[in-house]
Amino acid sequence: MEEIQSQSDAYRSSSSSASSPASRVPSSHFFYLRKPGSLRQPISFEDSPEWEDTDVEASRGDEGGGGDTINVATSASPSLSKLNSGSLASPYGSYILEGAALPNKIAGASVVWRDLTVTMKGKRKYSDNVIKSSTGFALPGTMTVIMGPAKSGKSTLLRAIAGRLHPSTRTYGEVFVNGAKSHLSYGSYGFVERRTNLIGSLTVSEFLYYSALLQLPGFLFQKKNVVEEAIQAMSLGDYANTLIGGHCYTKGLSGGERRRVSIARELVMRPQILFIDEPLYCLDSVSALLMMVTLKKLASSGCTLIFTIYQSSTEVFGLFDRICLLSNGNTLFFGETLACLQHFSNAGFPCPIMQSPSDHFLRAINTDFDRIIAMCKNWQDDNGEFSSVNMDTAVAIRTLEATYKSSADAAAVENMVMKLTEKEGPSLKYKGKASAATRIAVLTWRSLLVMSREWKYHWIRLVLCMLLTLCIGTIFSGLGHSLSSVGTRVTAIFVFVSFFSLLSIAGVPGLIKEIKIYACEESNQHSSALVFLLGQLLSSIPFLFLISISSSLVFYFLVGLRDEFSFLMYFVLNIFMSLLVSEALMLLVATLWQDIFWSFLTLLCIQVVMMLSAGYLRIRNDLPGPVWIYPMSYISFHTYSIQGLLENEYLGSTFSIGEVRTISGFQALQNIYDISSDTNSKWSNLLVLFLMAVVYRFLVFILLCRKSSLPLISCRCKRVDTDFAS
């Protein structure tokens, strides 16, 4: 750690001497030029051409005391803000950090990427190379930000460094962790996606605790301590017992608080490196500032932070340690944030007063501004020209890139990269996982808890099933047991099975939410397809059995079926197996589409076709051979469910015709529905339903494995020569 810090100081001194101007431009229109040798000093935002010295004092309490505090005080009155890469001289920063407990120390790791090139054919219209020969590094205890306009390759570079690119991409170059070309082991790093799915019916502490159970081996009390540390690290102590929200019309946490919860989920592993894709995504200025101050506090514990960002305020910009500026996959600058301001000045694009540095950077390198300028070329504001950058963006990008490549800043980066990779440091250790059995138990219990709270997806479905059963039961009540009632009784059973399975489509939104949560957890190896399917099955069994037994009892006694307990239990078991098949079919379609509208439409079509080929509207033997008999009538679970229920009801029973003649129940059904005369055939139908449920879930397993876009081995980058890369 001391060696890395000394190398960082050497790089900082070389970068400072390389980019400090010999003399200041005497103009009151630019605020960003540094005083020679003052890279770490705040930049004055005053209108005066003279520099104002500002004394910044930061005091941190001892770790052994109560709560560590950071007090920021300035002797100068900030007219706009103060930029300092080491601290935030702002009234917001003083307020937020006061009394905040600093997280426990983490042994961070250095990350170096050299000549990293990513090819994704057809992804960008300008080139197949999404990232072009990017070089940079990130050190423990610092925040390194990848900044650039939309579609500049920020997320692709972040994923390339973390080793999470899609297998279809080609990656060239080298990535080093602590000086060694090794992959990032499980638990040594965390990755937070731009859009994460949280469980709104859980509190913050419950959500993080279940996440810890999924990720960590060890005892329960140890995981509770880890969860409390993650909550304090992300300043979520006031919301620990608050529902995350977003379900059943509950408001819950704000966008910034939810974003911090998603980051805290990765912190339960105490990762040495943390990758975050757009931590300020969809956040307002206050939430963004609070987020970055919290991340700055996390970095102070020793963790290596690398994240992407599109745009930031002046206060937020002052918190960054290093910046990697991208445009169209090209690296326009890498170095300390204040040196980036000097780099733009050296290239001929000084930042005007009263303009945020990040706004100025994006204005100079975002090609979309060319169209805006073309549309507004006749407009002028009070200060004259519409834009301070008076050339095409493409020219500005080429100028900035050429200036950086020939600058001493680029040479300093190369020198630092060489020092960080010349000797291997300690490798990141594998921290171990929770066992598969533990994960299945955790997912089952968590799903049961979610089901008990989300009444919109589960309890309303139970109420609707009961209402449907009451409607069907009352319509077909009082049929009696005569031969004339056989046809009507078959109709009642067909309507009950068909509409009952059709109503189960109401569970699609809940399944899609579970699939999205699984995809988020699987991307970070917190879960797997088999664990998810078994946990989802075990948690759904009590709910489906509750629906089956409550609806079956109401229908059975209202219609007046055979008054024997064994027949009643078979009826309940048959309906339960039908619901299991329907649930597996819904899971398959929801996994395929992952969209509520298309899932509803597909399931509705499938259910209607299965109802038509079930053998009630026309006996199965009389259906047209192609398509309707083979294969539709054989893959319709309605066929086996109805056939089993009718065999349960009529096999072994007799009906009198006149005073002498009697016929069996099988004979009574010959012209109404096709059943088997074997008394054990109803159990065969039950077995077929069970196998169909297994087959559907096996198809879901295959689909989940194929849809998994995360390579389990990180960053298989190979060094290739220029001829092969081209």
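In the predicted model, lysine 682 is located in helix α24, which spans residues 681-707. This lysine is buried and yet forms no salt bridge, the nearest side chain of opposite charge being that of glutamate 647 at 8.2 Å. When neighbours within four places in sequence are left aside, the contacts of lysine 682 comprise Phe567, Tyr570, Gly644, Glu647 and Asn648; glutamate 647 is thus listed among the residues in contact with lysine 682, although no salt bridge is assigned to the lysine.

Leucine 617 presents another setting, being placed in the loop that connects α20 (596-612) with β12 (626-627). With a relative accessible area of 55%, leucine 617 is classed as exposed because its value lies over the 50% limit. The C-alpha atom of leucine 617 is separated by 9.2 Å from that of tyrosine 673, a residue 56 positions away along the chain.

Two strand pairings were also examined. Of the 8 residues of strand β6 (residues 170-177), 7 are buried, so that this strand is largely enclosed by the rest of the structure. Strand β6 pairs with strand β3 (residues 111-119) in the antiparallel sense, through 7 bridges, and within this pairing threonine 117 has tyrosine 172 of β6 as its bridge partner.

Strand β7 (residues 189-192), by comparison, runs parallel to strand β8 (residues 273-276), to which 4 bridges join it, with valine 192 standing opposite isoleucine 276 of β8. Along β7, Tyr189 and Phe191 point one way while Gly190 and Val192 point the other way, and all of these residues are buried.

Key
Residues are numbered from 1 along each chain as its sequence is written. This is a predicted model: local features need pLDDT of at least 70, side-chain atom pairs count only at pLDDT 80 or more; totals for chains, interfaces and linings use all residues. Side-chain values use heavy atoms; hydrogens and water are left out. Buried means under 20% relative accessible area, exposed over 50%, partly exposed in between (1.4 Å probe, protein chains only). Two strands pair if DSSP finds at least two bridges between them. Lys and Arg count as positive and Asp and Glu as negative; His and the chain ends are not counted. A salt bridge is a side-chain nitrogen of Lys or Arg within 4 Å of a carboxyl oxygen of Asp or Glu. Contact means heavy atoms within 4.5 Å.
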